[in-house]
Amino acid sequence: MKAVECIICKNPAMLLPKRGDREDFNCDQCRRFGISGTVIATEKFKNHSNQERSKLSSFIKAKNTSDFSFSLTSNEFNEFLSKI
Ligand SMILES: [Zn+2]
């Protein structure tokens, strides 16, 4: 594990070993989640404002159940974008 800043909320987080195309983070704010490389590469994701980051953090927390297996894929990211 490596100390990084959370890709969503920018708070201190741990980067977990990479699994395929997804990156997994363990963040105090967002808790543990995965995010697909496809989502990371989109302009929409890269250009998020602080307010959108905070909303995305809440979205991930709401999706994340106790097994912490949630991964933000293109489908979920589009669902998020349709709600903001
Ligand atoms: Zn976070």
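View 1. On S3, Glu23, Phe25 and Cys27 make up the covered face, while Arg22, Asp24 and Asn26 sit on the uncovered one. Helices (H or I, at least four residues) and strands (E, at least two) are DSSP runs, numbered from the N terminus. Since this is a predicted model, local features need pLDDT of at least 70 and side-chain atom pairs count only at pLDDT 80 or more, but totals for chains, interfaces and linings use all residues. Residue numbers start from 1 along each chain, as its sequence is written.

**View 2. S3 and its partners on either side.** S2 and S3 pair in the antiparallel sense over five bridges, with pairing called when DSSP finds at least two bridges between two strands. Here alanine 13 stands opposite cysteine 27. Two residues separate S2 and S3 in their hairpin, and glycine 20 in the turn has a positive phi of about 60°. S3 also runs antiparallel to S4, joined by six bridges, and phenylalanine 25 faces phenylalanine 33 across that pair. The hairpin from S3 to S4 goes through three residues.

**View 3. Into the largest nonpolar core.** This core has 18 residues, and Cys6, Ile8, Cys30 and Ile60 touch the most other members. S3 (22-27), S4 (31-36), H3 (50-63) and H4 (74-83) each supply at least two of its residues, with H3 giving the most, three. For the cut-offs, a nonpolar core is a set of buried Ala, Val, Leu, Ile, Met, Phe, Trp, Tyr and Cys residues joined through C-beta atoms within 7 Å. Buried takes 20 or more other C-beta atoms within 10 Å of a residue's own, exposed is 12 or fewer, and partly exposed is in between, with C-beta atoms placed from the backbone. Leaving out residues up to four places away in sequence, Cys6 touches Asn11, Ala13, Phe25, Cys27, Gln29 and Cys30; contact is C-beta to C-beta within 7 Å, again placed from the backbone.

**View 4. Asparagine 64, out in a loop.** Asn64 lies in the loop between H3 and S5. Asn64 counts as partly exposed because it has 18 C-beta neighbours inside 10 Å. Phe33 is 31 residues apart from Asn64 in sequence, yet their C-alpha atoms are 7.3 Å apart. Beyond residues up to four places away in sequence, Asn64 touches Arg31, Phe33 and Phe70.

Notes: Two residues are in contact if their C-beta atoms, placed from the backbone, lie within 7 Å.
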